[in-house]
Amino acid sequence: MNNNPIRAALFALTILYGLLIGLLAMLDTPALGLVAAIGGVLLGLGWAFAGRFTRNRA
């Protein structure tokens with residue numbers, strides 16, 4: 001993995017997000033779909049922008 005702190009933070013947020021979704025699923029929360037959709041979009045955009053702006057240019 002890259003030593004970029006933004007990518008490390010996104011990795012940690014992705015792990016925490018997965019744990020949150022698992023917890024909400026175990027608790028049978030009605031807002032699970034909404035949280036999953038919003039979080040998935042935000043994390044996806046975060047990873048996309050991190051990859052776009054930290055790409056090594058040869």
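N4 is buried, with a relative accessible area of 16%; the term buried denotes under 20% relative accessible area, exposed denotes over 50%, and partly exposed lies in between (1.4 Å probe, protein chains only). This residue belongs to the segment before α1, and its side chain comes to 3.1 Å from the backbone nitrogen of I6. Such a polar contact is a pair of N or O atoms within 3.5 Å; within protein, one must be able to donate a hydrogen and the other to accept it, and residues adjacent in sequence count only if both atoms are side-chain atoms.

The model is predicted, so that local features need pLDDT of at least 70 and side-chain atom pairs count only at pLDDT 80 or more, whereas totals for chains, interfaces and linings use all residues. Residues are numbered from 1 along each chain as its sequence is written, and side-chain values use heavy atoms, with hydrogens and water left out.

The protein has two helices and zero strands. Helices (H or I, at least four residues) and strands (E, at least two) are DSSP runs, numbered from the N terminus. Of the 58 residues in the protein, 14% are buried.

The largest nonpolar core consists of five residues: L10, Y17, I21, L43 and A50. Both α1 (5-26) and α2 (32-53) supply at least two residues of this core, and α1 gives the most, with three. A nonpolar core is a set of buried Ala, Val, Leu, Ile, Met, Phe, Trp, Tyr and Cys residues joined through side-chain atoms within 4.5 Å.

Beyond residues up to four places away in sequence, L10 touches L43, G46, W47 and A50, where contact means heavy atoms within 4.5 Å. Y17 lies in helix α1 and, leaving aside neighbours within four places in sequence, is in contact with V35, A36, A37, G39, G40 and L43. The C-alpha atoms of Y17 and G39 are 7.4 Å apart, although 22 residues separate the two in sequence.

Between α1 and α2 there is a loop that contains D28. D28 is exposed, at 66% relative accessible area, and its phi is near 55°, a positive value in a residue other than glycine.

I38, found in helix α2, is partly exposed at 48% relative accessibility.
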